[in-house]
Amino acid sequence: MRERLLQSPVFQMAAEQFERVADLLELDESIRERCKWPKRLITVTMPVHMDDGRTEVFFGHRVQHHLSRGPVKGGLRFHPAVDLGEVAALAMWMNWKCALMRLPYGGAKGGITCDPRAMSLREQEKLTRRFAAEIFPFIGEEIDIMAPDMGTSEQTMAWILDVYSTHAGRLVPGIVTGKPVELQGSAGRKEATGHGVAFLASRAIDKLGLTNGSASAIVQGFGNVGSYAAETMAWAGIKVKGISDVTGALWNENGIDVCALREFAAANRGVAGFPGAEAIDPEEMLVQPCDVLVPAALERVIHANNAAQLKCRILAEAANGPTTPEADAIIDARGDIFVLPDVLCNAGGVTVSYFEWVQNLQRFHWSEREVLTKLETLLESAFERLLHYAGDRQVSNRTAALALGITEVAEVKKKRGLFP
Ligand code: NAD
């Protein structure tokens with residue numbers, strides 16, 4: 001299994017980041033191994049009756065990285081490129097993120113290899129329900145709590161909640177987060193990840209002595225995270241000049257009307273053809289001059305071939321794992337880009353998921369203002385701890401973020417000791 005995981009380029013990347021920081025922390029060999037490898041790797045198959053009468057068998061995975069700090073928490077992804085290695089890498093990053101934010105969770109991630117854009121809603125529902133049924137013995141509101149990720153949504157979470165609650169014989173709202181507000185979802189959860197990205201981008205703009213009113217941004221990905229990050233940055237006065245999704249990329253030097261684009265993209269299943277901007281090559285868009293570059297789609301999009309060409313001041317990593325270690329080295333050597341590493345930058349999602357779970361367990365409801373204020377307080381505190389650590393030890397922001405997260409997990413493992 002070790003070899004199989006290490007064959008995945010995404011897992012290799014997560015493992016390499018971990019080893020580099022573990023060396024810096026001089027982590028003891030036994031703790032290092034326990035922190036690195038996932039505790040549980042679960043693979044299930046789901047046969048689904050498709051609309052055309054065929055039965056298709058889908059593969060799904062859930063990886064629970066470690067259980068030392070509480071239940072595990074992490075998104076569920078539907079994408080054609082999903083494999084066990086990618087899911088394990090995403091679960092490992094979730095660990096460091098939850099620990100960095102001091103949330104009482106271990107990291108997890110789930111994924112089903114499928115193309116939701118090519119499936120009807122009915123087929124997606126059957127697939128989700130079957131996955132929830134197969135994974136039922138391994139999840140629970142005190143065990144493993146899922147949330148939306150790429151290709152999944154509030155609706156996906158509602159189906160999982162329904163399957164779980166039906167089997168349990170009672171409503172179990174804390175089994176998933178990022179669910180509809182009507183099903184005890186939290187106010188502000190849908191916007192939380194993008195809101196957090198925009199909040200931290202503004203804090204970085206401030207640290208660099210710039211102002212929102214004179215700043216510009218480029219956003220790759222216009223799904224949940226990218227669209228709310230773009231919208232919140234635009235509200236804060238940042239000019240969003242470039243936006244792309246899987247259908248194409250757009251450019252408007254005077255700023256794109258993000259609300260109009262949201263309506264257009266919903267009606268046309270993508271941003272391509274939006275009349276309020278010109279089309280641009282998606283790769284070219286990433287290397288246009290801007291203050292804040294926000295990759296909010298896939299992993300490994302900032303790589304050795306484009307890192308030297310980036311013309312941004314701030315790289316706000318809304319996606320998980322958007323920057324390869326080779327690109328990281330180039331960015332470090334350049335020294336002119338302020339990196340908001342993924343484990344901090346997109347932590348707004350899991351933080352408000354935590355708030356949602358707490359509200360569910362307490363049968364309580366907080367207002368959107370309360371949720372977003374609490375979110376900003378936790379993000380601000382993690383941001384300051386990260387800057388302090390990076391400044392003190394003269395390391396990059398990514399190294400500081402990972403070191404803070406890994407230290408928390410390693411300390412808990414050391415204190416708990418080893419069973420039996
Ligand atoms: P989503 O499915 O809502 O949106 C993904 C977007 O990426 C879509 O607009 C899609 O068209 C676009 N995309 C796909 N391939 C692309 C390509 N080749 N070029 C440009 N755009 C492309 O997913 P999401 O929930 O917004 O997640 C995006 C990223 O943020 C993922 O890395 C995810 O793991 C991460 N993330 C999400 C959350 C959350 O709360 N949803 C929280 C933390 C991190």
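Where is the place of Gln184? I looked, and Gln184 is in the loop between α6 and α7 (189-207).

**Ground rules.** I am working with a predicted model, where local features need pLDDT of at least 70, side-chain atom pairs count only at pLDDT 80 or more, and totals for chains, interfaces and linings use all residues. Residues are numbered from 1 along each chain as its sequence is written, and side-chain values use heavy atoms, with hydrogens and water left out.

Entry 1: I checked phi of Gln184. The value is near 75 degrees, positive in a residue other than glycine. Gln184 is partly exposed, because its relative accessible area is 33%. My cut-offs are under 20% relative accessible area for buried, over 50% for exposed, and partly exposed in between (1.4 Å probe, protein chains only).

I then turned to Gln394. Its phi is near 55 degrees, again a positive value in a residue other than glycine. Gln394 sits in the loop between α14 (368-393) and α15. Gln394 counts as exposed, because its relative accessible area is 68%.

**Entry 2: the domains.** I looked up the domain assignment. It gives domain 1 (2-13 + 39-183) and domain 2 (192-345). Such bounds come from an automatic or database domain assignment. The centres of domain 1 and domain 2, taken over C-alpha atoms, are 26 Å apart.

How many residues of domain 1 are in contact with domain 2? I found 16 residues of domain 1 in contact with 15 residues of domain 2, where contact means heavy atoms within 4.5 Å. About 1300 Å² is buried between the two domains, and carbon and sulfur atoms give 59% of that area. Buried area here is the accessible area (1.4 Å probe) that two parts lose on being put together, summed over both.

Which residues of domain 1 lose the most area to domain 2? They are Met13, Lys97 and Arg117, together 45% of what that side buries.

I also searched for polar links. Across the interface of domain 1 and domain 2 there are 3 residue pairs in polar contact, both at pLDDT 80 or more. A polar contact is a pair of N or O atoms within 3.5 Å; within protein, one must be able to donate a hydrogen and the other to accept it, and residues adjacent in sequence count only if both atoms are side-chain atoms.

On the side of domain 1 that touches domain 2, α2 (9-25), β3 (72-79) and α4 (84-100) each supply at least two residues. The most comes from α4, with 6 residues.

**Entry 3: salt bridges.** My search of the whole structure found 30 salt bridges. The rule asks for a side-chain nitrogen of Lys or Arg within 4 Å of a carboxyl oxygen of Asp or Glu.

Asp149 and Lys109 meet at 3.0 Å, N to O. Asp149 lies in the loop between β5 (144-148) and α6 (154-168) and Lys109 in strand β4 (residues 106-113), so this pair ties together parts 40 residues apart in sequence. Asp149 and Lys109 are both buried.

Lys241 and Glu253 meet at 2.8 Å, N to O. Lys241 is in strand β7 (residues 239-245) and Glu253 in the loop between β8 (248-251) and α9 (258-268), 12 residues apart. Lys241 is buried at 13% relative accessible area, whereas Glu253 is partly exposed at 44%.

Glu317 and Arg398 have their closest N and O atoms 2.7 Å apart. Glu317 is in the loop between β11 (314-316) and α11 (325-334), Arg398 in helix α15 (residues 397-416), and 81 residues separate them. Both Glu317 and Arg398 are buried.

**Entry 4: Arg62.** Is Arg62 buried or exposed? Arg62 counts as buried, because its relative accessibility is 0%. I found Arg62 in strand β2 (residues 55-64). Its side chain reaches the backbone oxygen of Gly74 at 3.1 Å. The side chain of Arg62 also makes a polar contact with the side chain of Asp144, at 2.7 Å.

How values were computed: Helices (H or I, at least four residues) and strands (E, at least two) are DSSP runs, numbered from the N terminus.
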